[in-house]
Amino acid sequence: MTEKHDDARIIEFFHLAFLQVLPLRLDQARYVVKGGVNLRYFFESLRYSQDVDLDAVAIESWALGSKVDEVLASPAISLLLRSRGIVVEQVSKPKQTETTQRWKVLIAVTGRRVPVRTKIEFSHPSADPRRILEAVPDRVVDPYGLRPPTMFHYTAGAALEQKVRALVGRSQTQARDVFDLELLLRTHRDDISVELMDEGILEVAVERIFELPVDAFRDQVLPFLEPDIAALYDDPAAWEQMRRSVAQRLTEIG
């Protein structure tokens, strides 16, 4: 296993530990897991997520900030992390606004000279009701010896629309959005809403897909797949097939 793949596992363990402790400080109804973590835990994505993204629900930013600070400093998360030789070395809060709250976390690992980095980010959008309360499946938590945390997460339809909007709205187009869309469109295509068509978002999304060269996929996605899986995708033809498949499915929806 390469160091990058090892980092991905360390980060996933930290995310799971954080999400296990979070409901001790914050009502589960006040946050919803989204993005890559949602897809990996609940939709069988093969991609590890570098950061954990959540939506805050009906909570003031100052109150949320206090609760997250308490979680990161709590004995509970320290004990969970220590069981794997992990320590939170540093926490910074580079962005704390009424709409976005971000924590950067530096993780020290026994036997490693270079720490591992991840982010926790909460957004304060208009509430999307398409969410489900579920426990993280055993297939995700078993390798880490953790109990499965329970959390609200977005449905496939909500996740699909969020990914299309992310592909269109980012200042820098990301290959991981195409990888995630391929999974969702292959398994939950009928869940996408016609609301997207009204804004012409699907057309822009198709254009963005073809802005991404294979090197972007190799840099942004392959390091977050298991080595054997990454080897299957490490081929320009595989990336081209993925791009065309996603573009075709989005065009058919539109």
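**Rings and a helix face in a predicted model**

Modeller: Arg-40 lies over the face of Tyr-48, at 3.9 Å from the ring centre, where a charge counts as over a ring if NZ of Lys or CZ of Arg is within 6 Å of the ring centre and within 35 degrees of the ring normal. This is a predicted model, in which local features need pLDDT of at least 70 and side-chain atom pairs count only at pLDDT 80 or more, whereas totals for chains, interfaces and linings use all residues. Residues are numbered from 1 along each chain as its sequence is written, and side-chain values use heavy atoms, with hydrogens and water left out.

Biologist: How is an aromatic pair described, and what kind of pair do Phe-179 and Phe-217 form?

Modeller: A pair of aromatic rings is described by the distance of the centres and the angle of the planes. Rings of Phe, Tyr and Trp (its six-membered ring) pair if their centres lie within 6.5 Å, and planes under 30 degrees apart count as stacked, over 60 as edge-to-face and the rest as tilted. Phe-179 and Phe-217 form a tilted pair, 6.3 Å centre to centre with 35° between the planes. Phe-179 lies in helix α7 (residues 175-188) and Phe-217 in helix α10 (residues 214-220), so the pair ties together parts 38 residues apart in sequence; helices here are DSSP runs (H or I, at least four residues), numbered from the N terminus.

Biologist: Which residues do ring pairs link into a cluster with Phe-179?

Modeller: The cluster links Phe-179 with Phe-217, Tyr-233 and Trp-239.

Biologist: Which residues of helix α9 are exposed on the face turned away from its buried side?

Modeller: That face carries Glu-203 and Glu-207, exposed meaning over 50% relative accessible area, buried under 20% and partly exposed in between (1.4 Å probe, protein chains only).

How values were computed:
Helix = DSSP H or I, 4+ residues; strand = E, 2+ residues; numbered from the N terminus.
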